[in-house]
Amino acid sequence: MDLAGRRGRGVVTGSMRVDGNTLLLGEGVHVRFIRTLRLPESGTHSLPPNLGEFPLRRVEDYPDTVPGEWLAKGGVMLPVYLREAMWLSFGRTREPAALQVGVGKVCAVSGERWSGRLARGPQNYVVLPRQPWLDGINSGDGTVRQFVAVPLGLGATVEGQVTGEETTGGVQLQAFPLGPRELERWREAERARLLPPPPPAPGGGGLYGGPPAPSGGFGGYGAQAPMRPAAPGAAAPAAAPAMGLGVGGSMRQEVYRDDRPLSAWAPEPAARVFVHLVTPPAWRRITGEEPPPSPVDRAAYTRAGLPWFDYYDESGHDLPPTGTLGQVKPVGDWLGDDHTPWAAPTPHQITPLGPTPRPGKPVRDGDW
């Protein structure tokens, strides 16, 4: 990630912390990495469920067991199985932020190489908290293609297919707040929106006699983003296998267009972080911890009658597809066909969702 003036080893960019399994970037961007069912690579599907959080650890806490290049990049790490799927949750993010999401330093929204700066034409970031989550790369027309973990070196990652090289891997995040004036305007509007109305005039009725304004909704971008419920019942440095993200099946999910002018956002990020993806054997060796068990089989999940999800925000506008990301092929083209049985959920299993209303340890940034 090329961030002018902030490339030195050990640089701390703004405020960046780990609180449990949540990344806190800047003054209020919350990011969690969620385990989920891997979708079939054909067809377009509903949103898969929350199967629990990936555990998150700071790289700097394991100086004797992580590879040296990881220490140089800093950031955090999480364990992931080959072909395991994930999504990024932005729940509990309350104030507006522009978040860049990179997969091997390729923008997951625009398909362009990482620039470290916000841009339009195409838009290279998601707008929080309007965007409650991101399950994959933007494929336009109200769909994304699921994030799926694969090793570097096969050409299956988004990075490999877009750039022709696989040298970075992992996930990169960078958060920009609103500029000071825009942020103060937003806060003033929120305070006014959340004030209870004056009591009605004697006799009832009147202009101010209605119910208080709801605290939910994305109109003022002030509500906590909805959360997809967790499924019931759902924990001398050697070189570690390098992992990145490819794509799997398609699902119905919009990546929302920013309605603000680009000048509304701060010119410099509040925080950035490199997220290393670690194989389960390497996780055991580095941390001494057991990785979470392998994800549940999707056919067994559906047969048990457990929920899938559908999210719709009628006030949002989807970004158009990008030619670059539209050409990315699924990981099955490299790893072979996926013969995991698939049983489509019945209509009553699909739950509709919509917009609703202790400090962690700081994370050291590095040179990447």
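Predicted model: local features only at pLDDT ≥ 70, side-chain atom pairs only at ≥ 80, totals over all residues.
Pro122 sits in the loop between strand E8 (97-103) and strand E9 (126-128).

**Cis prolines**
- A cis peptide bond also runs from Leu128 to Pro129, with omega near 0 degrees.
- Pro129 belongs to the loop between E9 and strand E10 (133-134).

- Arg83 has phi near 70 degrees, a positive value in a residue other than glycine.
- The loop between strand E6 (76-79) and strand E7 (85-89) holds Arg83.
- Arg83 counts as buried because its relative accessibility is 13%, and the cut-off for buried is under 20%.
- Asp141 is not a glycine either, yet its phi is positive, about 55 degrees.
- Asp141 is placed in the loop between strand E11 (136-140) and E12.
- Asp141 counts as exposed because its relative accessibility is 67%, and exposed means over 50%.

**Strand E14**
- E14 spans residues 243-252 and is mostly covered, with 9 of its 10 residues buried.
- Strand E12 (residues 143-151) runs antiparallel to E14, joined by 8 bridges.
- In E14, Met243 stands opposite Pro151.
- Strand E4 (residues 44-45) runs parallel to E14, joined by 2 bridges.
- Ser250 in E14 stands opposite Thr44.

**Nonpolar cores**
- The largest nonpolar core has 51 residues.
- Leu23, Leu25, Val31, Phe33, Leu99 and Leu173 have the most contacts inside it.
- Beyond its neighbours within four places in sequence, Val31 is in contact with residues including Leu23, Leu25, Leu88, Phe90, Leu99 and Leu173.
- A second, separate core has 10 residues, among them Leu118, Tyr125, Val127 and Ala264.

Technical notes
Residues numbered from 1 in each chain as written. Heavy atoms only, no water. Core = buried A, V, L, I, M, F, W, Y, C linked by side-chain atoms within 4.5 Å. Buried < 20%, exposed > 50% of the residue type's maximum accessible area, 1.4 Å probe, protein only. Contact = heavy atoms within 4.5 Å. Helix = DSSP H or I, 4+ residues; strand = E, 2+ residues; numbered from the N terminus. Pairing = 2+ DSSP bridges.
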